Amino acid sequence: MNDRLRLTFTPSEVTKPVVCHMARQFQVEFSIRRADVQPNAGWMDLELSGEEAEIERAIAWLEEQGVRVSPVGGDVMAG
Amino acid sequence: MLCSEVLSKRGFWRQRGRNGKYFYGGACQPPLGRKEHALTSSAILETSATASNGHHAVKHSSRLLGLKCKECGAKYEIAPKHVCELCFGPLEVAYDYEAIAAQTSREKIARGPYSMWRYQDFLPVEGTPQVNLEAGFTPLLKCDNLAKRLGIRDLYIKNDTANPTWSFKDRVVSTALSRAKEFGFTTAACASTGNLANSVAAHAARAGMDCYVFIPADLEAGKVMNSLVYNPHVVAVEGNYDQVNRLCAEVADRVNRNAEGIHENHWAFVNVNLRPFYSEGSKTLAYEVAEQLGWKAPDHVVIPIASGSMLTKIYKGFNEWMDLGLIDRKVVKISGAQADGCSPVAQAFREKQEFVAPVRPNTIAKSLAIGNPADGIYAKDIAEKTGGSIDSVSDEEIIEGIKLLAECEGVFTETAGGVTIANLKKMAESGRIKPDEVTVAYITGIGLKTQEALTGHVGEPMLIRPNLASFEAAWGRKI
């Protein structure tokens with residue numbers, strides 16, 4: 001299974017190696033396609049590959065770290 | 001085209017990795033002159049997908065060149081897909097404007113139907129539109145009363161409450177589902193809190209398509225009813241804002257893959273896999289205004305921002321007509337309006353940020369409550385380059401905006417329209433709208449759908465007994 005996600009980092013997380021830790025902690029692989037990381041904030045578009053349950057655990061862990069996880073391409077829910 | 005060809009044409013470098021696969025790196029082309037968002041050369045892109053990736057491309061007319069990534073410029077066949085396989089940037093429809101110029105004219109447009117389809121030469125639908133409730137060609141109202149209140153002279157509202165399901169969404173949905181029919185889809189789908197769901201359900205019913213609408217489980221009953229009446233499958237999703245969004249994105253992706261993971265056309269998720277086509281429908285908001293003003297562009301437009309798509313397409317629409325000589329060239333100031341409770345684009349504009357940081361929405365303007373706007377950065381760039389602005393207003397100001405438009409011009413708009421009018425007022429008061437500018441404010445949905453927002457904010461009826469004395473007592477005068 002693959003999930004295409006945008007991770008958004010606030011100033012408190014932007015300097016932490018959270019993606020690296022995620023890959024060590026969970027059985028997922030990531031492929032970074034685009035990113036803009038600046039000293040005070042940033043985002044990263046990546047593809048996560050792995051078992052569905054493992055990806056879900058990785059996403060939940062990222063959110064616990066304060067990283068915003070949303071679909072690539074913006075919100076799907078519309079007005 | 002293979003990904004290696006695309007990459008080499010875009011100037012990417014290539015090297016063979018330890019596992020024998022090729023890796024690509026390099027920079028993407030920045031849109032609109034903004035700062036580079038791509039990775040530096042120290043980062044690596046691993047690509048595994050072909051450009052078309054198994055999609056069923058259909059034969060297309062000479063007007064349509066294909067799809068093009070707004071970030072890296074990669075090109076694809078016309079197909080139901082919305083993000084670039086290489087950089088995940090958004091795709092949009094690319095046109096052959098010489099072919100369009102050869103077949104269109106003011107006279108031809110003026111002879112067309114009194115709907116958005118009079119502009120079909122500029123839309124990504126090949127034959128007769130198959131999903132059509134006659135959306136568009138809504139009134140452009142000169143608003144002298146409101147203009148006087150705001151201290152400006154030439155003010156118009158584009159009254160898109162007059163559409164078949166009472167919002168501008170009918171334009172984009174009619175475009176998306178007409179294209180979906182051409183792709184061979186038989187099921188329409190969307191995730192929405194209101195207007196989009198209503199429009200997809202109605203158009204699907206008219207087109208005889210099966211329909212799935214995903215809504216948040218806590219959506220008000222009245223809004224659900226406006227979709228249920230058309231008899232779609234309505235799926236109420238429990239969970240927080242981000243969870244609901246991710247689930248809907250996953251559904252849109254998985255439902256269109258077979259057991260081998262290859263894309264197949266099953267569900268037309270209008271604002272996901274059909275997004276490049278869907279969004280083009282908003283260009284008709286520019287064409288109509290220009291035609292209704294006597295084949296000229298206004299000086300300044302004020303547009304509500306949710307995903308930011310509508311703003312970018314109105315800008316594109318004016319510029320397409322200028323490029324083709326259908327209207328005189330000028331810079332139209334493009335300004336955006338958001339609510340304080342969901343203002344990621346306004347915040348990026350104010351702080352001159354290079355990206356739009358997502359927020360969790362909390363505003364009465366539910367139809368603008370998009371916390372992670374797909375086209376937010378492009379909307380911000382357009383406001384900057386045209387001399388417009390993007391601002392936000394409080395929920396109290398939104399209610400006052402709804403009442404101001406209703407009291408001055410007899411138009412009852414939803415909360416999104418209140419956002420537009422309140423921002424218009426703020427801009428006029430601060431001098432960002434010049435008194436002599438021909439200004440158009442886009443009113444995109446009807447107030448009947450968001451009546452709860454006005455509870456306690458409008459007057460009460462006079463309750464009387466059925467006799468004259470009671471009426472005179474309540475009125476305070478003798479007849």
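Two strands are said to pair if DSSP finds at least two bridges between them, where strands (E, at least two residues) and helices (H or I, at least four) are DSSP runs numbered from the N terminus. The model is predicted, so that local features need pLDDT of at least 70 and side-chain atom pairs count only at pLDDT 80 or more, while totals for chains, interfaces and linings use all residues. Residues are numbered from 1 along each chain as its sequence is written, and chains are lettered from A and ligands numbered from 1 in the order in which they are written.

**Exercise 1.** Determine which residues stand opposite Asn2(A) and Val28(A), and describe the strand pairing around them.

*Solution.* Begin with strand 1 (residues 2-9) of chain A, which pairs with strand 3 (residues 41-50) of chain A in the antiparallel sense over 8 bridges; here Asn2(A) faces Ser49(A) of strand 3. Next, strand 2 (residues 28-38) of chain A runs antiparallel to strand 3 of chain A, with 10 bridges joining them, and Val28(A) stands opposite Gly50(A). Finally, a hairpin of 2 residues links strand 2 of chain A to strand 3 of chain A.

**Exercise 2.** Characterise the side of chain B that touches chain A by its residues and elements.

*Solution.* First, the contact (C-beta atoms, placed from the backbone, within 7 Å) takes 46 residues from chain B and 23 residues from chain A. Then, among the elements supplying at least two residues of this side of chain B are strand 9 (187-191) and helix 6 (195-207), while the largest share, 7 residues, comes from helix 8 of chain B.

Methods. Two residues are in contact if their C-beta atoms, placed from the backbone, lie within 7 Å.
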